[in-house]
Amino acid sequence: MLAFLIKRAANAALVMLAVAFLAFLIFRSFGDPVEMMVNEQATQAERAELRERLGLNDGFLVQYLRFVTNALQGDFGISYRNQQDVMVLIGERFPATFELVLVATMISLVVGIPLGVITAVHRDSPIADGLQLGSIVGVSLPSFVVGILLILVFSVTLGWLPAFGRGDTVDIGWWSTGFFTESGRAALVLPSLSLSLFQITLVMRLVRAEMLETLRTDFIKFSRARGLPLRIVHWRHALRNCLMPVITLTGMQIGNLIAFALVTETVFQWPGMGMLFIQAVTFVDIPVMAAYLMLVSFIFVLLNTIVDVTYALVDPRLRDDAAPAAASGASSGG
Amino acid sequence: MAASLVSRLAEHELWWSFKRHPSAMIAAALLLLLFIASFAAPLIAPQNPYDLAALDLDNSELPPIWQSYGAWPYLLGTDVQGRDVLSAILYGTRISLIIGFASVLLSLSVGLTLGLLAGYAGGWIDNVLMRVGDILLSMPFILIAILISAVAREALPPGLRDTLAAPILVIAIAVPSWVQYARTVRASAMVEKGKEYVQAARLIKVRPWRIMINHILPNTLTPILVAATLNFGLAILSEATLSFLGVGMPPDEPSLGTLIRIGNQFLFSGLWWIVLFPAVQLCLIVLSVNLLGDWLRDALNPKLR
């Protein structure tokens, strides 16, 4: 088990080193940091001095190693655009994205699980067929289109909910939350709905597939034979056996949701990390881009590793080299 | 090989299954219609949306024809520059379809080649290729595509950015998606290469590439076909998302995503038709492709037959 743990951790570290290399390459190849940072009157000598101070005259490998060491300490340098520490910028934006992803995940579970159970239990009924068709429609709707349609209906036409921003927030330490104000909660509704739609369909399809398997097992047949109410057989006994894969999927999809939040955040002008990233892309603000890339990849890799390790804990067969972690390589989402 | 594939598919009860699934038939018919309409756009569109001289500011911001102030021939209205929305959609659909198709073709050819190579050759080639694949899969799809697109645009001189926007998008979408094909083909190649017929072929000195292409590859075509169909939908979606975010097709050669990006700016001015119709068109395309892919997956699944 220890060998497996070490191997898995080494694997994750390797992936992160590769991502860091990618980020570093982008960092090196685009824009001259010195030109970005000095003002226009700076003399040649001042520029050379700054170049030396930033270590830009060192060899490629030395610079890469320094980049990795700095990144490990959470130091991604200074934003070219507004001259602020990148980690501070991202830290300010992180709570907004986190709350959005959290609420979207909860919506996907609360809506997706019951829908999945219903489609499995009432298999081949018109309701189930309709929901199945609906789930394909859900997968086919791009999240930005969903966002725009929601704004068109609920903000522009009906005027019920705000279409952009985060509303009023309350600061708890460095964390700013929108959960405790009326406008904060109202602002969350449309973005989290549009972010969760795809996830709802994923959860629903997974629960349906798992339920169909479980409903065929003997213990379900026995429970029915014993005369337990069908409601309890389905919603308590059968569902409970389907939840493990759902938890896995939810865990692994969080990375994807954070990445996809950047689309939702752009539509709703939601002041999260994703919007910061898209603005950075527009202004070629490389340090911010590099930091975002590494942070999101880190969360992604961390969650995947945790899921793999948990599986190995539960299922000893996965510890052998013979079965390369089946859990990795989940759907990349659309 | 293509002809034999077609005849095999026709015998495969696939046609029979197709006729029994109305959703697949409707999706196929709709897709065919959209294909024809978009590729015949220069013939049937009321206006050439790329021709700035054809735009008339007097006809700008016209609503769809069934509303008051709507005017012929602007069936779905015009945008703020007087560009006919229907014409823009037809031309934009063509761009979206071409980019989606090209990126699937690219990722398919790269994925099949590398997957066969990794599975058949094994050893360090396999190791390197699969590690690269692992790394690509450990970053979110959309993030890789945005980064490639953004970086490639930055690397090009400003004059070339818009000209090369489409090829850049094709590559940006293909890079994160070849891994899936490669893994599928690799797994099958590893199983098949130990079987007797491959050993026999080797014994009579059939060239490795011939063995891979003629003997091993056909074993994986079914799952690959399903994956490619579903990925076609995903590719169109990704292209639209990138263009919407501003790292895709430029406004003077808009794809559906660019049209939605442009229309989004007028969401609050009451000009809803500029954004709604391209959005509906995009959803229709992706939905039809997904319905077809879903049906194909069930129809080709031996367990469900």
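Chain B has 15 helices and zero strands. Helices (H or I, at least four residues) and strands (E, at least two) are DSSP runs, numbered from the N terminus. This is a predicted model, in which local features need pLDDT of at least 70 and side-chain atom pairs count only at pLDDT 80 or more, while totals for chains, interfaces and linings use all residues. Residues are numbered from 1 along each chain as its sequence is written, and chains are lettered from A and ligands numbered from 1 in the order in which they are written.

### Chain B overall

Of the 305 residues in chain B, 48% are buried. A residue is buried if 20 or more other C-beta atoms lie within 10 Å of its own, exposed if 12 or fewer, and partly exposed in between; C-beta atoms are placed from the backbone. Two residues are in contact if their C-beta atoms, placed in that way from the backbone, lie within 7 Å. Take the contacts in chain B between residues at least 6 apart in sequence: 69% of them join residues at least 24 apart.

Pro254(B) gives a local example. This proline sits in the loop between H13 and H14 of chain B. Pro254(B) counts as buried because it has 25 C-beta neighbours inside 10 Å. Leaving out residues up to four places away in sequence, Pro254(B) touches Ala88(B), Gly92(B), Met249(B), Leu259(B) and Ile262(B). Ala88(B) is 166 residues away along the chain, yet the two C-alpha atoms are separated by 7.6 Å.

### Where the chains meet

The contact takes 38 residues from chain A and 39 residues from chain B. On the chain B side, the elements giving two or more residues are helix H6 (123-137), helix H7 (141-155), helix H13 (221-245), helix H14 (256-264) and helix H15 (272-300). H15(B) supplies the largest share, eleven residues. By class, this side of chain B has 30 nonpolar, six polar and three charged residues. Here Ala, Val, Leu, Ile, Met, Phe, Trp, Tyr, Cys and Pro count as nonpolar, Asp, Glu, Lys and Arg as charged, and the others, Gly among them, as polar.

### The nonpolar core

A nonpolar core is a set of buried Ala, Val, Leu, Ile, Met, Phe, Trp, Tyr and Cys residues joined through C-beta atoms within 7 Å. The largest one has 169 residues, and Phe277(A), Leu293(A) and Ile146(B) touch the most other members. H15(B) gives the largest share of this core, 17 residues. Not counting residues up to four places away in sequence, Ile146(B) touches Val281(A), Leu242(B), Leu245(B) and Val247(B).

### Helices of chain A

Helix H5 (residues 86-121) of chain A has 36 residues. H5(A) reaches 51 Å from its first C-alpha to its last, close to the 52 Å expected at 1.5 Å a residue. The expected span is 1.5 Å times one less than the number of residues. H5(A) bends by about 35° at Arg93(A), and Pro95(A) follows within four residues. That bend is the angle between axes fitted to the seven residues ending there and the seven starting there.

Helix H9 (residues 218-225) of chain A has eight residues and the number buried is zero, so it lies largely in the open. Just after H9(A), Gly227(A) takes a positive phi of about 90°.
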